[in-house]
Amino acid sequence: MTFDAAKLNRLYQFCLALTGHPANAQDVLQSAIERYLQQRKNVDEPMAYIRQTARHLFYDQLRRQRCLRFDTLTDPDLYEGVEQQLDAWLIDQQSVAHIYTLLTPQERESLFLWAVEGMTAQEIADQLGEARGTILSRLHRIRQRLNALDSDVSEGQHHGR
Amino acid sequence: MADKQPLREQVKHHLEHPKLDQQTTDALLQQLQPPPRLVQRLRPLLASVAAALLVFGAWTASMYPDTTTRHQVPPRMVEEVIMNHLHLRQMEVLTTNFDTLTSSMEKLNFVPVPPDGLSPLTLVGGRYCTLKGVLATQLLFESADGTTVTMFQTAYDPSRFGKLPRREDNEASVRVNERGVQVEVWVEQGVVMAKAQSRS
């Protein structure tokens, strides 16, 4: 596979989705690429490999800083339909930027794969090596934040703010 | 009021905006350059593989004289259409006049198309919805015996919806039957049309 600016930027955007910070994103991307270069001969899918390496590096960082929050185990049936609900949600750009600041790294990562890579919950689960229920639970929490944001806006409008 | 668009599109726009600076991009691309010897070794192999794929592709194409079998509706789209048909929400615009409906739905980035072959049905109204993450419209029709037919329309993007049959080319629409709902999909005047009807 040949890398170009578009693919690099897609990887950078994934790292930025993970880390939430441009400088950290560049560092994680650089480290992931260095690891890839060492293993290049044995890698079939470079983009997926670099993404996976970047997330391992980042979450290792968080573990060392003891900043990692674990998802609770959930029954996947509880949140069936959440993907369709998110598909139907209408929102403005400003609210997207705001919501994004409220998400955890895992939620940002799942949202990136859902929106930018167009993956389903099952595909995200396969990509991240996690249970589908965990991904659905994350998407459900994102929807809850969207609901809360909508309520805040409506309340503000009601009180004439 | 800020302009609202489907969440997926807005998130995509937000997340795809940041880019690496040119210096960093150039440095990383330099690192990622494949070693010359490897490229030279692969070239003849790649040429053979490309030739084999061309032959296989031509042979496969000859096995499918009926072009409609090459069209496939994305499964998620069928799911969305069925769910919206079964859990019908209130129409935002109530009218029997298609021109009135068209002029009322200002947020759409396409002009709804009055579909052919629906003359026994009466338009009831329309509402905004989404189809595969892009803004669409759901139109509600009613037949003389009270049967409900819903039709979804959105601008056709082959990269999002795949290859779909075109009415102008006399290609037969794709039909899917799931959960007691018959879904029919085609493209007409650059608009994706998905018709849903409960099977009696």
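**Close-up views of a two-chain predicted model**

A:Glu107 and A:Arg141 are both buried (buried is under 20% relative accessible area, exposed over 50%, partly exposed in between, with a 1.4 Å probe and protein chains only). The model is predicted, so local features need pLDDT of at least 70 and side-chain atom pairs count only at pLDDT 80 or more, while totals for chains, interfaces and linings use all residues. Residues are numbered from 1 along each chain as its sequence is written, chains are lettered from A and ligands numbered from 1 in written order, and side-chain values use heavy atoms, leaving out hydrogens and water.

View 1. A:Glu107 forms a salt bridge with A:Arg141, the closest N and O atoms being 2.8 Å apart (a salt bridge is a side-chain nitrogen of Lys or Arg within 4 Å of a carboxyl oxygen of Asp or Glu). A:Glu107 lies in helix H6 of chain A and A:Arg141 in helix H8 of chain A, so the pair ties together parts that are 34 residues apart in sequence. Helices (H or I, at least four residues) and strands (E, at least two) are DSSP runs, numbered from the N terminus. Over all chains, the structure holds 15 salt bridges.

**View 2. Chain A and its elements.** Chain A has 8 helices and 1 strand. Along the sequence they follow the pattern α-α-α-α-β-α-α-α-α. Of its 161 residues, 48% count as buried.

**View 3. The interface of chain A and chain B.** Here 39 residues of chain A are in contact with 33 residues of chain B (contact means heavy atoms within 4.5 Å). The buried area is about 3400 Å², with 63% of it from carbon and sulfur atoms. Buried area is the accessible area (1.4 Å probe) that two parts lose on being put together, summed over both. A:Asp87, A:Leu90 and A:Gln93 supply 18% of the area that chain A buries against chain B, more than any other three residues.

**View 4. Charge and strand pairing across the interface.** The interface of chain A and chain B holds 2 salt bridges. In one salt bridge, the side chains of B:Arg8 and A:Asp87 meet at 2.7 Å, N to O. Strand E1 of chain A is joined to strand E1 (residues 5–6) of chain B by 2 bridges, and the two run antiparallel. Two strands pair if DSSP finds at least two bridges between them. A:Leu90 stands opposite B:Pro6.

**View 5. The sheet of chain B.** An open sheet of 7 strands has the order E2-E3-E4-E5-E8-E7-E6, with antiparallel pairing. Strands E2 (93–94) and E6 (174–178) of chain B stand at the edges, each with a single partner strand, so one side of each is left without a neighbour in the sheet. Strands E4 (residues 134–142) and E5 (residues 148–155) of chain B pair over 6 bridges in the antiparallel sense. B:Glu142 stands opposite B:Thr148.

**View 6. Salt bridges in chain B.** B:Glu79 and B:Arg179 meet through their side chains in a salt bridge (2.5 Å, N to O). B:Glu79 lies in helix H4 (residues 75–86) of chain B and B:Arg179 in the loop between E6 and strand E7 (181–188), so the pair ties together parts that are 100 residues apart in sequence. B:Glu16 forms a salt bridge with B:Lys12, the closest N and O atoms being 3.3 Å apart. The two are 4 residues apart in helix H1 (residues 7–16) of chain B, about one helical turn.
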